[in-house]
Amino acid sequence: MFDQTMKTAAEATLSQMKQAFEGLTAAPATFPVPPAVRDLAARGAESAKAGFAEAEAAARKAAAGAETLATSFAGAGADLARSAVAGAVANATMTLDAVQTVLAAPSLQEALQRQGAFLTAFGEANLARAEEAFARARDVAAEGVRTIQAEAQAFTASRAA
């Protein structure tokens, strides 16, 4: 009995599948796409193109900002290197002048005073150079942070819109 029930169910299922396949072969080869679906697809494609164009523009702008920032950092680095070389030359010149001045002193006490004055001037000059270099580095870093913040805000604003 169970076998007969299974056989009948299988024949019924196969019969229904056969009818479905015959219906598909009798159906037209092409299905017309409704105009509303075409319009929806066209609008979606145009919207995607516009989104990609906006993303490309944002990426190009961010790349230009990064390039400007990198150039600024490179320029600041070169400026700091030039300042370091100039400071080293100034220190060497100052030291040589001090040696000549100390050696020309008429007495030991005068030589010690001249050496003390040199050390004071030397320290003040180097401190001033260091403060100037740190101020330049701070300004460049602050400008870099402002540039990065502006780029991030522009990107976030363009994504929110």
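Me: In which helix do E143 and R146 both lie?
Reply: This is a predicted model, in which local features need pLDDT of at least 70 and side-chain atom pairs count only at pLDDT 80 or more, whereas totals for chains, interfaces and linings use all residues. Residues are numbered from 1 along each chain as its sequence is written, and side-chain values use heavy atoms, with hydrogens and water left out. Helices (DSSP runs of H or I, at least four residues) and strands (runs of E, at least two) are numbered from the N terminus. E143 and R146 are three residues apart, about one turn of the helix, and both belong to helix α3.

Me: How far apart are the closest N and O atoms of E143 and R146?
Reply: A salt bridge requires a side-chain nitrogen of Lys or Arg within 4 Å of a carboxyl oxygen of Asp or Glu. E143, at 38% relative accessibility, is partly exposed, and so is R146 at 47% (buried means under 20% relative accessible area, exposed over 50%, partly exposed in between, with a 1.4 Å probe and protein chains only). The two residues form a salt bridge, and their closest N and O atoms are separated by 3.0 Å.

Me: What N to O distance is found in the salt bridge of E132 and R136?
Reply: E132 and R136 are about one helical turn from each other, because they stand four residues apart in helix α3. E132 is partly exposed at 46% relative accessibility, and R136 is partly exposed at 24%. Their side chains meet in a salt bridge with an N to O distance of 2.9 Å.

Me: With which residue does E110 form a salt bridge?
Reply: Side chains of opposite charge can pair when their charged atoms come close. E110 has a relative accessible area of 26% and R114 one of 25%, both values being partly exposed. At 3.1 Å between the closest N and O atoms, the salt-bridge partner of E110 is R114.

Me: How many salt bridges does the rule count?
Reply: Among the pairs counted is E132 with R136. E143 with R146 is another of them. The count by this rule comes to four.

Me: With which side chain does the side chain of N91 make a polar contact?
Reply: N91 is found in helix α2 (residues 35–103) and is buried, with a relative accessible area of 16%. Beyond its neighbours within four places in sequence, N91 is in contact (heavy atoms within 4.5 Å) with F122, N126 and R129. A polar contact is a pair of N or O atoms within 3.5 Å; within protein, one must be able to donate a hydrogen and the other to accept it, and residues adjacent in sequence count only if both atoms are side-chain atoms. At 2.9 Å, the side chain that meets this condition with N91 is that of N126.

Me: Which element of the protein has the highest mean pLDDT?
Reply: The protein contains three helices and zero strands, in the order α-α-α along the sequence. Its mean pLDDT (the predictor's confidence in each residue, from 0 to 100) is 79, and 87% of the residues reach 70 or more. Helix α1 (residues 2–26) has the lowest mean among the elements, 71, while the highest, 85, belongs to α3.

Me: What share of the protein's residues counts as buried?
Reply: Among contacts between residues at least 6 apart in sequence, 72% join residues at least 24 apart. Of the 161 residues, the share that counts as buried is 7%.
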